[in-house]
Amino acid sequence: MTVPPSVAEAAAQGRVDRRTLRRRTGLMRLREAIPDSVFTSAGFVVPLLLLFAWSVVTALGLVKPLFLPSPLSVIEEAWRQVSTGILFQDAAISTYRIVVGWLAATVVAVPIGIMMGNFRLFEGALEPLISTARYMPVVALIPLSVLWAGIGDEQKILILFLGTFFQMTLMVMDNVKNIDMNLIRAGQTLGFSNAEILWRIILPAALPGIWDTFRITIGWTWTYLLVAELVAAQSGLGRRIMDAQRYLATDTIIFGTLFIGLLGLVTDLLFKHFGRKLFRWAADR
Amino acid sequence: MSPKVSIDAVGKVFGTGAKEYLAIDRIDLMIGTNEFVSIVGTSGCGKSTLLNMVGGLTEPTFGDIRIDGQPVAGPGRDRGFVFQGYSLFEWLTVEGNIRFALEKTALSKPEKTELVREFIQSVGLAGFEDAYPRQLSGGMRQRVAIARALVYKPSLLLMDEPFGALDAQTRGMMQELLLKVWDEHKVTVLFVTHDVEEAIFLADRVVVLASRPGRLKRIVPVSLGRPRHFDVVTSPEFSDLKRQILADIREETLKVMALDGA
């Protein structure tokens, strides 16, 4: 692999004059690159502008605090929850439910999705059912889930499971289907059995895709948290928000919502980070 | 001498019920030991299907295919396969990809290491042992695929448009590399392509298939000497062969277009 001549070298030899280099600039050219620094700071500017607008609107008293509390009172609420420790209790119990619900969905969805992606019989048998089930409103299943699983953690986990499982199965099926058929053929010509091809070729080839499915679906599990903690929950981040609604504590609602969003983002980043470490061989990750 | 591959009245039916159609209709073909045979034809003439049947990846609906006198029953390690896409195991290095092909052999670990090294050398990839496929260019990836298909010493190499995705310059280099490897390792090659020039340049015989259904149209012996240099493509002899085969394919293309009502 060759190294192209560097501009510095060419400039030193007097073949290129840096001052006369034409560099096209402008931030609004179709699909053209912009400096990294501009790209990154743009992502901070928009939230800061929103925060600023929020502060101005509440400071000038344009909206009643009941409808929109000031950023300061949201921060005070955050401090109250941190100092009394209830934030950590809530976060711990909610994270536990998310992790168990999502893991339960994963443990079932991955093998089924793999079978569906590899054998037309399984796809034919299960795809219509699962495609229908994934449009079921999970909220509507709350009464049944209480009947089946009681009012303890099991019921919350069941709701999270139902919200995640069907989508995940179909996505894993697609991940498996998307691998190059010639990889399987190569395995066959090299004398590997079906089981070996499944374990040693199909699975590693599909794994980066499946990992992405994990990342996306655990994000969805976070969004189902409120639904899961809607009924008969004593604690949890979702429960806190539902309780706050009763007392019109809008600062608690806003803080709770932002905090769930933050935890969702952290989960997403963790998956991205480990995905990059695990699948160095895969392109553009 | 008995043929390396004998294809005897072989046909293939695809689909069932109302969608059933005859893709290949009674092809007879004998291929000799260490012969290099190219198969050309319009797209959809069944040339890849024929190759897959010899490879044991799909079964003929009727007729017999024998390799060294033995009927083909599924894929086997007497045959190596190189596919059109870059069908490498992306999670393994160059070395790992080639070594993977030796896993089902009874060789000892040092023997495997030695073989892998030999074949990396042979396809000109020394120094890239630890690279991952995504770090390689298209031509280099196909070199890995060729090494992987040959390292376990199959006697028959099946190639399905292996250079189809490469640019013209790389393709030329790969053709010369393939001829070198073929000469070094003494294998029989069955090479499917839609590039007539490539087919002639490489082969001892060019098999032209007719379309709808796939049928043998003509077998063209290529009497150009070996080793072949790239400038043979400008010789009058080469041009004559090319003209003849292109005329055959054009005839088939027109026939297919008429069938489609285009």
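User: How many bridges join E4(B) to strand E5 of chain B, and which way do the two run?
Analyst: In this predicted model, E4(B) and strand E5 (residues 70-71) of chain B run antiparallel and are joined by two bridges. Within that pairing, B:Ile67 stands opposite B:Gln70 in E5(B).

User: What's in the turn of that hairpin?
Analyst: The hairpin of E4(B) and E5(B) has two residues between the strands, and B:Asp68 in the turn has a positive phi of about 50°.

User: And what joins E4(B) on the E1(B) side?
Analyst: E1(B) and strand E4 (residues 62-67) of chain B run antiparallel, with five bridges between them. As for individual partners, B:Val5 has B:Ile67 in E4(B) as its bridge partner, while B:Ser6 stands opposite B:Arg66 in E4(B).

User: How does E1(B) pair with E2(B), over how many bridges?
Analyst: Strand E1 (residues 5-14) of chain B pairs with strand E2 (residues 21-31) of chain B in the antiparallel sense, over seven bridges.

User: Switching to helices: is H1 of chain B largely enclosed or left open?
Analyst: Helix H1 (residues 47-55) of chain B is largely enclosed by the rest of the structure, because eight of its nine residues are buried. The buried residues are B:Lys47, B:Thr49, B:Leu50, B:Leu51, B:Asn52, B:Met53, B:Val54 and B:Gly55.

User: Zooming out, what does chain B contain overall, and how does its radius of gyration compare with the globule rule?
Analyst: The secondary structure of chain B comes to seven helices and ten strands. Its radius of gyration is 19 Å, close to the 18 Å that the globule rule gives for 262 residues, so chain B is as compact as a globular protein of that length. Along the principal axes, the C-alpha atoms of chain B fill a box of roughly 55 × 45 × 40 Å.

User: How much of chain B counts as buried, and what share of its contacts is between residues 24 or more positions apart?
Analyst: Of the 262 residues of chain B, 42% count as buried. Among the contacts in chain B with a separation of 6 or more, 71% are between residues 24 or more positions apart.

User: How is chain B divided into domains?
Analyst: Chain B is divided into domain 1 (33-58 + 73-78 + 155-255) and domain 2 (85-153). The centres of these two domains of chain B, taken over C-alpha atoms, are separated by 24 Å. Their contact takes 14 residues from domain 1 of chain B and twelve residues from domain 2 of chain B.

User: Which element gives the most on the domain 1 side, and what classes of residue are there?
Analyst: Helix H5 (residues 168-185) of chain B gives the most to the side of domain 1 that touches domain 2, with eight residues. By class, that side of domain 1 of chain B divides into ten nonpolar, two polar and two charged residues.

User: And chain A, what are its domains and how far apart are they?
Analyst: The domain assignment of chain A gives domain 1 (6-62) and domain 2 (73-278), and their C-alpha centres lie 37 Å apart.

User: How confident is the predictor in chain B and in the complex?
Analyst: Chain B has a mean pLDDT of 93, with 99% of its residues reaching 70 or more, and the predictor gives the complex an ipTM of 0.89 and a pTM of 0.87.

Terms used
Residues are numbered from 1 along each chain as its sequence is written. Chains are lettered from A and ligands numbered from 1 in the order in which they are written. This is a predicted model: local features need pLDDT of at least 70, side-chain atom pairs count only at pLDDT 80 or more; totals for chains, interfaces and linings use all residues. Domain bounds come from an automatic or database domain assignment. Two residues are in contact if their C-beta atoms, placed from the backbone, lie within 7 Å. Helices (H or I, at least four residues) and strands (E, at least two) are DSSP runs, numbered from the N terminus. Ala, Val, Leu, Ile, Met, Phe, Trp, Tyr, Cys and Pro count as nonpolar, Asp, Glu, Lys and Arg as charged, and the others, Gly among them, as polar. A residue is buried if 20 or more other C-beta atoms lie within 10 Å of its own, exposed if 12 or fewer, and partly exposed in between; C-beta atoms are placed from the backbone. pLDDT is the predictor's confidence in each residue, from 0 to 100. Two strands pair if DSSP finds at least two bridges between them. The radius of gyration is taken over C-alpha atoms; the globule rule is 2.2 Å times the number of residues to the power 0.38.
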